[in-house]
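Hello,

Here is the structure I said I would pass on. My notes follow it.

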Amino acid sequence: MIEAAEFRLIKLPLNNGVDHMPALGFGTLVPDPATTITATRDALAAGFRQFDCAERYRNEREVAQGLQAGLAVGGIERKDIFLATKLWNTNHRPERVEPAFEASCERLQVDYLDLYFSHTPFAFEPGEEQDPRDQDGNVIYDHGIALLDTWRAMENLVAHGRCRAIGLGDVGLKELKPLYEAARIKPAVIQVESHPYLPETELLEFCKEKGIVLQAFAPLGHGIRPGPLEDPVIVAVAKRLGKTPAQVLLAWAIQRGTALLTTPKTKAHAQENFEISPLPQDAFDDINGIQTRERYNTVVKTGSPGFIPRGR
Ligand SMILES: NC(=O)c1ccc[n+]([C@@H]2O[C@H](COP(=O)([O-])OP(=O)(O)OC[C@H]3O[C@@H](n4cnc5c(N)ncnc54)[C@H](OP(=O)(O)O)[C@@H]3O)[C@@H](O)[C@H]2O)c1
């Protein structure tokens with residue numbers, strides 16, 4: 001079995017044929033600006049080298065501050081970290097893609113990105129309002145634009161050397177397959193909700209066949225309780241192995257060949273979430289046998305972010 005120290009640093013090859021992405025990633029969906037800075041810095045100090053941002057999170061400047069503090073203290077260079085951010089739904093019009101990308105780079109204080117995602121497949125009315133709604137509270141979509149139009153503009157960013165790879169957020173096979181076929185530059189990564197209650201097995205198989213990395217968000221079920229963190233199988237495996245439920249869930253995600261994003265906001269959780277070890281086969285099989293099925297984030301239905309605690 002692979003050593004724990006190696007397991008934590010697993011890198012997945014990207015289909016651009018050149019780059020590798022650290023499987024274990026830190027997500028920056030942290031609502032509070034001050035906590036964004038400390039959580040980002042602590043994640044870097046704990047060992048995380050993959051960081052996921054988004055213009056939608058409105059905290060790219062604070063992520064940059066956290067990274068710069070951590071890089072300086074740790075003697076870590078920009079090239080040692082893998083940095084991604086995402087294009088928001090209101091910027092899907094091709095002429096808006098490059099300005100949105102450059103604005104993210106400016107806020108993140110970097111001159112290139114390792115990966116740029118379309119956050120969701122939904123185009124919203126273009127403009128500065130990130131959440132455009134009509135008078136009845138319904139999302140205003142931009143029906144004049146197809147995901148492939150946006151993708152073509154993202155392909156240009158790779159062609160011009162502004163980012164190393166491009167990916168898709170919140171897609172299922174229905175959106176991924178036609179785009180994959182039509183794309184000149186294939187999606188390198190897709191970012192979707194995934195945990196033992198939402199294993200996305202068919203999607204993962206397609207991705208593996210095509211050399212696309214599936215990146216799991218909410219690997220801890222977004223910390224919602226009850227949820228995967230309190231699942232009896234997870235708790236039993238954790239007890240058996242002397243690990244925490246969070247460590248078991250993160251190890252499972254890495255072991256099945258996905259990348260992941262977790263968002264510990266404290267130093268203690270950052271260390272705990274980095275210090276994962278491979279699972280023995282029987283534990284891995286037990287987790288694969290979990291039958292509960294639950295999706296916590298409704299973003300795939302409307303393009304509007306949101307987690308639903310179970311039972312609501
Ligand atoms: N593409 C999309 O539409 C989309 C949607 C959602 C998220 N994302 C990305 O995915 C990232 C991760 O998503 P997520 O926030 O759902 O991640 P998560 O890691 O599944 O859940 C985070 C929650 O789990 C708790 N937690 C973290 N470590 C823990 C531990 N060791 N023990 C117990 N609880 C722990 C955190 O609490 P503490 O605050 O106490 O640490 C926090 O409340 C986001 O930051 C974002 O980058 C993308």
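Leaving aside its neighbours within four places in sequence, Leu148 is in contact with Leu179 and Ala182. The model is a predicted one, and Leu148 sits in helix α5, residues 147–159. Is Leu148 buried or exposed? Leu148 has 12 other C-beta atoms within 10 Å, and a residue with 12 or fewer counts as exposed, so Leu148 is exposed. Between the C-alpha atoms of Leu148 and Leu249 there are 34 Å, and the two residues are 101 apart along the chain.

Helix α8 (residues 232–241) and helix α9 (residues 245–255) pack with their axes 8 Å apart, at an angle of about 100 degrees. Angles of 65 to 115 degrees count as roughly perpendicular, so that is what α8 is to α9. Which residues meet there? From α8 come Ile234, Val235, Val237 and Ala238, and from α9 come Pro245, Val248 and Leu249. The residues of this contact of α8 with α9 divide into 7 nonpolar, no polar and no charged.

Next is helix α2, residues 33–46. The 14 residues of α2 should span 20 Å at 1.5 Å a residue, and the end C-alpha atoms of α2 are 20 Å apart, so the two figures agree. The buried residues in α2 are Thr36, Ile37, Ala39, Thr40, Arg41, Asp42, Ala43, Leu44 and Ala46. Charged side chains are on that list too, namely Arg41 and Asp42. What covers the buried residues of α2? The cover includes β3 (24–27), α3 (60–74) and α10. Just after α2, Gly47 takes a positive phi of about 130 degrees.

Last, the ligand. It is surrounded by 30 residues, and the closest are Gly27, Leu29, Phe217, Gly223 and Ala246. The elements that give two or more residues to this shell are β10 (259–262) and α10 (267–274). Which element gives the largest share of the shell? That is α10, with 3 residues. By type, the residues of the shell around the ligand divide into 11 nonpolar, 15 polar and 4 charged.

Regards

Technical notes:
Residues numbered from 1 in each chain as written. Predicted model: local features only at pLDDT ≥ 70, side-chain atom pairs only at ≥ 80, totals over all residues. Near = placed C-beta within 6 Å. Helix = DSSP H or I, 4+ residues; strand = E, 2+ residues; numbered from the N terminus. Axes fitted to C-alpha atoms, helices over the stretch in contact; angles between N-to-C directions. Parallel < 35°, antiparallel > 145°, perpendicular 65-115°, else oblique. Contact = placed C-beta atoms within 7 Å. Expected span 1.5 Å × (residues − 1). Buried ≥ 20, exposed ≤ 12 C-beta atoms within 10 Å, placed from the backbone.
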